[in-house]
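Here's a quick tour of one protein chain. Have the sequence and the 3D view open side by side as you read.

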Amino acid sequence: MALPLQAGLTPMEVAFLCEMEMVTVVPRQRLESLNLLSGPTPTLRPPHRAPLPLWLALLLKRQRRANILPPPWLLPSSLERILRHETETSPLAFSPPPPHPHPITSRISPTDHISPPFLPSSTADAPPDYLPYHWLELGEILLEAASDDVPEPDRVRGLLRDLREVRMSKMRGSVKGLEGEGGGVSKMTGVGAMEVSEGRGFILGVLDGLRKLGSSREVARREREEEEGGGEGSEDEEMEFE
C-alpha cells in the first residue's frame, strides 16, 4: 500500500526545480552548443559571458570549465539594502518580487510572456534590489558549489540567514490576521518557493486549528439556540394549559 503523498513540494523538490533557473557563466574552455529539451545552448567562447541553466553551470564549474557569475542581488551591498527594506517596512509586508521584463501592456506576442518562477531573475543582468522566486535555494547552492565566485561568501551567508529569519517571522505573523472575523486574508506577495515549502506545515496547522475552533463555536452556538428555543416552547405550553 502506497503512503500518502505530502501536500505541496518538499524542500528537496524545490531545490531540484531551482536548478532550471538561468545563470550567467564565464567559460574557461570552448564548448559547442548542446541540444537540450529546453532548446540549444549558446556556444561557449572564453571570455564571453553566456546564460546557462544552473544544473549545467554547476557541472561545468565542477569540471573547472567555467565560472559562475553571481546575480546582482546576491552581492553583499544588495542583500543589505533588501534586509534594510524588510526590517523598516510593515511587519507583514515582504520586499516586492522582480519586475516583469515584458509588461502585459507591451505589444508583444502572448507566447513571449514568461511568468514566475521562470523569469530571468538570476542572471548577471537581473535587477539588484529584488529577491527572485528561488532566492534562498539558489543562494545556498552557489555558496556551496561556487563560493570562490561569490564576493565575501561568509558575509553573504550571514545576510541570507538574517533575511531568512526576518521573512519567516513575517510569515508566522501574517497568519494572525486569519483569526479575525471572516477568516482574514494573508498576503504572500514576494514569498519565495523554499519559504512556502518550509512554512506550509505551520500555516496549514494554524488554518486547521482555526477551522476546528470555528466549528466548535458553531456547534456551541447551535446548542445555545436550541436550548433557548426549547425554553420558549415550554413556556407557551404552560400558558395554553392554564
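What follows is a short briefing, starting with the overall layout and then zooming in.

This is a predicted model, where local features need pLDDT of at least 70, side-chain atom pairs count only at pLDDT 80 or more, and totals for chains, interfaces and linings use all residues. Residues are numbered from 1 along each chain as its sequence is written, and side-chain values use heavy atoms, with hydrogens and water left out.

**The overall layout**

- The chain has six helices and five strands; these are DSSP runs numbered from the N terminus, with helices being H or I of at least four residues and strands being E of at least two.
- Of the chain's 242 residues, 32% count as buried (buried means under 20% relative accessible area, exposed over 50%, and partly exposed in between, using a 1.4 Å probe and protein chains only).
- Take the contacts between residues at least 6 apart in sequence: 70% of them join residues at least 24 apart (a contact means heavy atoms within 4.5 Å).

**The sheet**

- Three strands make an open sheet in the order β4-β1-β5, with antiparallel pairing.
- Its edge strands are β4 and β5, each pairing on one side only.
- From one strand to the next, the twist averages 50° (axes are lines fitted to C-alpha atoms, for helices over the stretch in contact, and angles run from 0 to 180 degrees between N-to-C directions).
- Strand β1 (residues 22-27) pairs with β4 (residues 50-53) over four bridges, in the antiparallel sense (two strands pair if DSSP finds at least two bridges between them).
- In that pairing, Val23 stands opposite Leu52, and Val25 stands opposite Ala50.
- β1 also pairs with β5 (residues 66-69), again antiparallel and over four bridges, and here Val25 stands opposite Ile68.
- Helix α2 (residues 54-62) lies across β1, β4 and β5, running at about 105° to β4.

**The nonpolar core**

- The largest nonpolar core has 35 residues, and Leu54, Ile68, Leu74 and Leu79 touch the most other members (such a core is a set of buried Ala, Val, Leu, Ile, Met, Phe, Trp, Tyr and Cys residues joined through side-chain atoms within 4.5 Å).
- Helix α4 (residues 135-145) gives the most to this core, with six residues.
- Setting aside its neighbours within four places in sequence, Leu74 is in contact with Leu79, Gly139, Leu142, Val150, Val156 and Leu160.

**Two buried loop residues**

- Ser121 lies in the loop between α3 (76-88) and α4, yet it is buried, with a relative accessible area of 8%.
- Apart from neighbours within four places in sequence, Ser121 is in contact with Glu21, Trp73, Pro98, Ala126 and Pro132.
- Thr41 is in the loop between β3 (39-40) and β4, and at 9% relative accessibility Thr41 counts as buried too.
- Again leaving out neighbours within four places, Thr41 is in contact with Ser33, Leu34, Leu36, Leu52 and Leu56.

**Rings and charges**

- The charged end of Lys170 sits over the ring of Phe94, 6.0 Å from its centre (the cut-offs are NZ of Lys or CZ of Arg within 6 Å of the ring centre and within 35 degrees of the ring normal).
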